Amino acid sequence: MAIPIAYNLRNLVVRKTTTIMTALGIALTVATLLAILALVNGLRATLSASGDPLRIVVLRQGADSELVSNFQRAQFQDLKYKPGIATGSDGLPLASLEVVTIANLGAVEDSDINVNVRALLPVGREMRPNVHIVSGRWYRAGQREVVVGKMLAQQHRSAHIGNRIRLGRGDWVCVGVMDGGGGSTDSEVWGDLNQISADLQRLEILSSATVKATDAVTAKALINDINNDQRINMTAVSEKEYYDRQTDSGVPIRDVGIFVAIVMAVGSSFAAMNTMYAAVARRSREIGTLRVLGFSPGSIMLSFLLESVLLSLLGGIVGCLLAVLLLNGYSTQVGANFATMAFEFRVTPEIVAVGLAFAVTLGAAGGLLPARMAARKEILDALRAV
Amino acid sequence: MRYLPLILKNCWRNRRRTILTVASIGVSMCLLGVVVAMYHGFYMGAPAPDQAVRLVVRNRISIAVALPLAYRDTIQRIPGVRNVMYANYFQGVYKDARNPKNQFARFAVDSGELFKVFGEFRIPEDQKQAFLRQRSACVIGRDVADSLHLKLGDRMPIKGDIFPGDFEFTVRGIFDSPRPSGVMYFDREYLEQSMSERRRGFVGMFYIRIDDPAHSARIAQAIDDEFHSSTAQTKTESEQAFTVGFLSLLGNVKMFLIAISAAVVFTILLVSANTMAMSVRERVREIGVLKTLGFTPAAVLGLILGEACVISVAGGLIGYLISALLMRMVARTPFGGFLPTLPAIELPVAAACIATAAAIGLVSSLVPAAGASRLPIVEALRSSD
């Protein structure tokens, strides 16, 4: 017969100082793990929100990002009229030639914040209908004006409307804030292609092109078509896949974080073990009494193991609460491809489940040996203990 | 001090608990040790003498934005500058890029200046001459040669990405460096020939060797002032700051390190406090006896604080030693290339770890110790727990 759980719960309450301290230690361990998972998850969510499966990024063969790619105007003419590219409201193909470069916001604050600058033509905006202005207005063609993503505007003083950003040969005025729907656009600066490429002396050699396919099937065919075209010598990849690949930049952070969490877990399970050994020693007479009442060694072992799991589950719950309350939605940034990308920590139910499972495992590992010791006590010795 | 034997005896009484506590603190402390060592290495450590005489000039905007090659002559004229080597980060893809072994750093440089600016590289004279003679020659660090089993005369095909094209290099030299040497250098002329007309004449950065480390701040300032009103402004920094800047592209490293340390220190504090609370509770009667024998409240306080310190310092020491071992392993990963060379035992790091451990021991046992020292004798003796 099993010993009622209420017995374990009451015991945890009676020894509240020890319970709280052990549980808090476990809570911190779980919170650390959750922080890392939420960070990587937020990064992934931001990057996957950036990609549209119908949009295709065309880069110079061998280039793995828009930043290191370069694309000549002449090649663009060959690309533009390929079959499968959707047409825009003006009847022209939805193909956008772009310059992607880096600007430093530090000109104002003297800190090193690099941001991605994307220079595009009106067609580039037309094929990204989810991007819209939330305050101010769009930049005007032919003016030294830019708009900034909303995450940049939130995090950096220099990215406010009316402020100047240094790029190329001069200062550019920020005239609006755009919302890209949670994608990497929210951390970008956008401006007019001709104005920016002239300023950077890159009129002929631009960075990359983005084209929009009519539907999913043509998108695949179009990608193959571009990849196999020896004339333009380009590689094409769907925007979704392009951003998925960038997620790799989160892998080292995740690995380091998981390593830290595991080391902390080892430390915490030793602490849980300590607490449980003390519990077994103090309740020696109780264990003897339970045995006299007819509870088997097996159920005593189970009971102590359960107590340890309950203890660490309590810690796990506190840790999850900490993570959800303090971290969820907290925005931060990482460098992706030499420029910062802002994103929010995301604590999802799956992550909370992982955290609780982690706590339970930790508690079970810490409780196993003390529980076995409790089960092996001889009745008479146990009853005689002071 | 007179009570040290008594403190040690007390520690050793509940052996299992002491061992578990020391192990728990040790494991956490080893994490702290690694974090502190990294923090120290990145932000506080003094560079090795051979690194201290080097500065790196890059575009103020970012290392991904180029500088005109013509800056070299201007930099060369600045007092205190001995040698200037232009360099382009070449990147490229060597064989299968998914194999991390193939992802070593590759630079296109001024081959004639390479071994002057990097004076610490050791290479046989005949290999150096062979490297200088041939345009498509390259030299690789010992680490690359070992991990890819390359030897002199081997060919290395590399596909360019930042600089498009198919390149083939011949290994003409293998050099040794006191630091991790997962790097390859080749002559920038070879690269320049493959470039389109418009891209020629731009380099990624300049490595400079200066006459005296004491002048580095003045020289860096002089260079940045020189180009202040040019199209491409420069940022000149020590090689160490440059590599840390490279790493910080991954994210806010400083914040990350501080957050981990805070979580670790707090966890240890809880573990240690818990242990001390448990042992004091078990010994209430004994404390009554000690007081009857004439131990003053201050002595009792000292006994308990001392016990906590001994335990946490033991944990701290073990943790530090494990972390020193771990750092050795970290230095062997590609990540280690960013770290300055770390001696096996670094005194400031060791001192920081042990001082933290001692402080944690004191703080964690303050409450139970104060309680015990204030406890009236009669009540203590009457306790049945």
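**A tour of chains A and B**

Begin with chain A, where 47 Å separate the centres of domain 1 and domain 2, taken over C-alpha atoms. To see both, select 5–48 + 249–384 of chain A for domain 1 and 55–212 for domain 2; such bounds come from an automatic or database domain assignment. The model is predicted, so local features need pLDDT of at least 70 and side-chain atom pairs count only at pLDDT 80 or more, while totals for chains, interfaces and linings use all residues. Residues are numbered from 1 along each chain as its sequence is written, and chains are lettered from A in the order in which they are written.

Next, select the boundary between these domains. Nine residues of domain 1 of chain A are in contact with 16 residues of domain 2 of chain A (C-beta atoms, placed from the backbone, within 7 Å). On the domain 1 side, β14(A) gives the most, with four residues; strands are DSSP runs of E, at least two residues long, and helices runs of H or I, at least four, numbered from the N terminus.

Now colour α2 (16–50) of chain A. Its 35 residues should span 51 Å at 1.5 Å a residue, and the end C-alpha atoms of α2(A) agree, being 49 Å apart; the expected span is 1.5 Å times one less than the number of residues.

Finally, display both chains: 41 residues of chain A are in contact with 37 residues of chain B.

Notes
Two residues are in contact if their C-beta atoms, placed from the backbone, lie within 7 Å.
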